[in-house]
Amino acid sequence: MTTQHHSHLEDEEVPITFAVEGVVADDMPAEQFVTRKTLGWGFWVSIGWLVAIITAALLAPVLPIPDPGVDLSSDVGLREPPSTEAWFGTDALGRDVFSRVIWGARISLTVGFAAVAFGMVFGGSLGMLSGFLRGWFDSLTGFLFLTLLSFPALILAILMTSLLDRTLFTICVVLGVLGVAPVGRLSRAATIQFAEREFVTAAHTIGAKRGRILIRELLPNVVIPMGALALLGMAVAIVAEGGLAFLGLSVEGDTITWGKMIADGSDRREIEDAPWVAFFPITFLFLTVLALNFAGDKVREYFDVKEISV
Amino acid sequence: MSEITIEAVPERSADPNAPLLEVTDYRVGFKTERGLAKAVDGVTFRLARGRTLGIVGESGSGKSVLNRSIMGLVVSSNQIEEGSITFDGTEIVDTDRQPFWGNRMSMIFQDPMTSLNPVMKVGKQIGEPLKLHLGMDKKQARERATELLTQVGIPEPTRRLDQYPHELSGGMRQRVMIAIALAGEPDFLVADEPTTALDVTVQKYILDLLGELQRDREMAMTLITHDLGVARGRTDDLLVMYGGRVMEQAPTEVLFSAMRHPYSEALLESIPTLDHPKHTRLNPIPGSPPDIVSPPPGCRFAPRCRYAQDRCATDLPELVSDGNHHYACFYPVGTEAGAEALQTNIERGQTAVGLRVSAEGRLG
Amino acid sequence: MTLARQLALRLGLFILLLLAVSMITFGAMNLLGDPLFNILGPISGCEDAISESGESVTVESSDGLAQNCGPDQIQAVQDAKEQYYLDKSLPERYVRWLGDAVQGDFGTSFANQGESVTNIVRDKLPVSLLLMVMAQTIAVVIAIPWGVWAASRAGKASDRVSTIGSFGLVSMPNFALGIILYYVLIVRLGWFPFRYEDDDLWSRINSLFVPAITLALPISAVYQRLLRTDLITTLQDDFILMARSKGVPRRSVLFKHALRPSMFSFITVFGINAGALIGGTLVIERIFQIPGAGSEIVTAVFREDFPVVLAFVVIITAGFVLLNILVDLLYSILDPRVRT
């Protein structure tokens, strides 16, 4: 799971004086230089969307929506456009698209969350350990990370999903594994950076054991940049699931994911006859990823996480 | 800022004695969240060809903004320019001065390491103004660049043309910068703290070089510095700025021999010289520059002045003229009023603003 | 350390990585899959069938159906095992594969009656390469002017709009974008062909155009953002002011002075991005039905056609690592300060 994008928004607050024409001399009032670090309304809108979609997903079983697997062709019809009876229309098997989008959210969001959690836990701890212990362990994990990173991400995912049973669990693990290397390198770099700081030396000198230092001093500090990237990571994982679904390699069976819905709805005939079948999951996917990206970027900017040099 | 652009660079005016640069009540302000920041608040001077004006003050005094604004380099949508500047007879306030840059007016900067393009060869950087303003082709530009490098005193000039800035020493980089600035043969040069970032031993050579080049080319020059010692002997006239306002203005020797403003005096005293006994404490002026958005009423320097009296905190002193010597102070140095003021402060142990004054008259 | 030494170390690492990658892939596929089954189908169940009398024996094969195992079938099994070295140990098989691969022979496909994998690669890979090159080129061609434009208007309304646009492009998954563009440009407007046309270079480029822009747009948004950020920072440097004060016109300042030192983040991402690009290509080839390496890998994976999968994985990975090495080299060429 290579971080597919680095979106930098810190320049939104760059004061207008920094346009091409001029540079501000050093005897200028200091206000001009301050980049306001607030989360902004866009952040809260994004969070709002995410909360809404998560809530809807959690409440899916109790919401008054039709069963997503049920054929409604007798009531509504096959491939019917959106109407008051079926807000997002029906698909080729007569199923209600709106309901399927909500149920699909359950899986897609779960995958996103679980994959990131897996990556953070395993990648993060491996990275921290190697950054802390250095030596042969560090070289070994370094080579492991490098090997993992040498595989173009989707190819690794394809390899793994083709060889394993494709359950929700394994898909989450596969996507999580994609994240282990990038997260690992970042946490290693962060650990090294912090470990060199004085508060760690200070802890040493008062006799703290290494394990203690690792957990009490370093972990809280490393968690911050990691956490800031969690939102961005989720976006990548959800998109990756979509890509896998598209290739037919996502969760098997009747499980509904946005990726699978898009895949089903996007062959030529479907697109021409019933574009809404693909359109709505695409929209939801897009908005969710957009919200995750935007919020994640704001968080990153807020905590001032730069690309830590690896 | 208005869109007036000067179409063609005006011809050099016929009269060689007319001042090249006439600045009259020039003001520069910046709109900020808190209000208008008056970075330059009423500066007037004249500069003729071949003459050097030194502009002295601490950081925050407005000296850099003044010069960059004269050049027209600080341009932003929240900048306001008022007053008048005529360059060789043409009014340039509130205009786009791009047509002048490089060929009529030019600038050298404080830090040669950051002022030269790190990924461009030295020769190419010198060549740019040559091609732009003197219409040279590649070969001619190379030859001329070599000549220029020789003029600024760089050994093995041909070799240097193909080097990058980081391959040269600090002093050499500054010379290169001078060569670049003079390549277009400007009539007016702004030298913004040209030696501050350099080693003390190198400073003298650079300043000598500048003086020489100026004489040869009959350029007008403003030399900006925070060090009065540098200004002495290298400038014809001096302008002392503080908080955006002119504190004292006079021909250099007059200023040194008959210094009137307490700030000038303080600046002079803060220069460490070889005369001081070893291990003397450096004597910087305590306090910091004023807030230029909402400055305190009264004289800007009052909060740090050892002569300060009650009046200084409430009334703003205007420039008083004594021939071509101008100063803005109610209790000038070297006058009876000034001596009395200092005595008063010594006796009561503090200035009107509450700064402690020692028995010898020192602050703090 | 000198450039040559650096290069030598990088190449050494490169070889090690390739070995690791190929070992992992080979091992995983052979351990977790069933090569014999993939080659022969249900007949593979006859492997263990021994009949003393030489008569047909019925065996239940791995898909639960009854399979007749007469002497012919057993012979087929033994032939396959010989041809594919399946009775040798795993490490030995790997070494054999490696030996052949290094000489350019990637073995024979399990399906397609044993077609040469090398031929398959030779047919399919260039198509994907063309697509990727087109995508990167288009992305760079879009990103540079866009980034410069955005940097020169930093903070203004048009810049904010551009930022939102960038974000949108980056958040749109490429398969979704592909579907949309496919629908609009090919199905509805009919400007580009439905199928991949192989007549000459031009028709190939034409067929690949829509897939290429699908890949290029999100990438260009990323590049453009990075370029813009770096440009804004660079434009605050003193040497820009100096260049202006020399009389260099604004446009020249942007392109001749500011651009080059600002390209670093962008170039770094260029290398990393190749990985994402490869992934994207796989999916896009499916949507647009392009017979390239991506389609081939996916099909091979479904068939569990190990030699094909292995060959493509190793070659693509090799290309990816090599590209990163080249990017590092490019870095040091662009910034003379790094060279010494």
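Modeller: Strand β10 (residues 245-251) of chain B is joined by 2 bridges to strand β12 (residues 325-327) of chain B, and the two run antiparallel. Strands here are DSSP runs of E with at least two residues, helices are runs of H or I with at least four, and both are numbered from the N terminus; two strands are said to pair if DSSP finds at least two bridges between them. This is a predicted model, in which local features need pLDDT of at least 70 and side-chain atom pairs count only at pLDDT 80 or more, whereas totals for chains, interfaces and linings use all residues. Residues are numbered from 1 along each chain as its sequence is written, while chains are lettered from A and ligands numbered from 1 in the order in which they are written.

Widening the view, β10(B) belongs to an open sheet of 8 strands with mixed pairing, whose order in chain B is β6-β7-β8-β3-β9-β10-β12-β11. At the edges stand β6 (105-108) and β11 (320-322) of chain B, and because each has a single partner strand, one side of each lacks a neighbour in the sheet. On average, and with direction ignored, neighbouring strands of this sheet are turned by 20° against each other; the axes behind such angles are lines fitted to C-alpha atoms, for helices over the stretch in contact, and angles run from 0 to 180 degrees between N-to-C directions. A parallel pairing occurs in this sheet between strand β7 (residues 188-192) and strand β8 (residues 220-225) of chain B, which share 5 bridges, with A191(B) opposite L223(B) in β8(B).

Helix α3 (residues 122-134) of chain B, for instance, holds 13 residues and reaches 18 Å from its first C-alpha to its last, close to the 18 Å expected at 1.5 Å a residue, the expected span being 1.5 Å times one less than the number of residues. The buried residues of α3(B) include V122(B), I126(B), P129(B) and L130(B), together with G123(B), Q125(B), G127(B) and E128(B). Those buried residues pack against α4 (138-151), α5 (157-161) and α6 (170-183) of chain B, and just after α3(B) the backbone at G135(B) takes a positive phi of about 60°.

Over the whole of chain B, the C-alpha trace spans about 75 × 50 × 40 Å along its principal axes. A compact globule of 364 residues would have a radius of gyration near 21 Å, and the 22 Å of chain B agrees with this; the radius is taken over C-alpha atoms, and the globule rule is 2.2 Å times the number of residues to the power 0.38. Buried residues account for 46% of the 364 residues in chain B. Of the contacts in chain B with a separation of 6 or more, 65% come from residues 24 or more positions apart, a contact being two residues whose C-beta atoms, placed from the backbone, lie within 7 Å.

Finally, chain B touches chain C in a contact that takes 23 residues from chain B and 17 residues from chain C. On the side of chain C, the elements giving two or more residues are α9 (238-245) and α14 (336-339), and α9(C) gives the most, with 7 residues. That side of chain C has 7 nonpolar, 3 polar and 7 charged residues, where Ala, Val, Leu, Ile, Met, Phe, Trp, Tyr, Cys and Pro count as nonpolar, Asp, Glu, Lys and Arg as charged, and the others, Gly among them, as polar.

Conventions: Buried ≥ 20, exposed ≤ 12 C-beta atoms within 10 Å, placed from the backbone.
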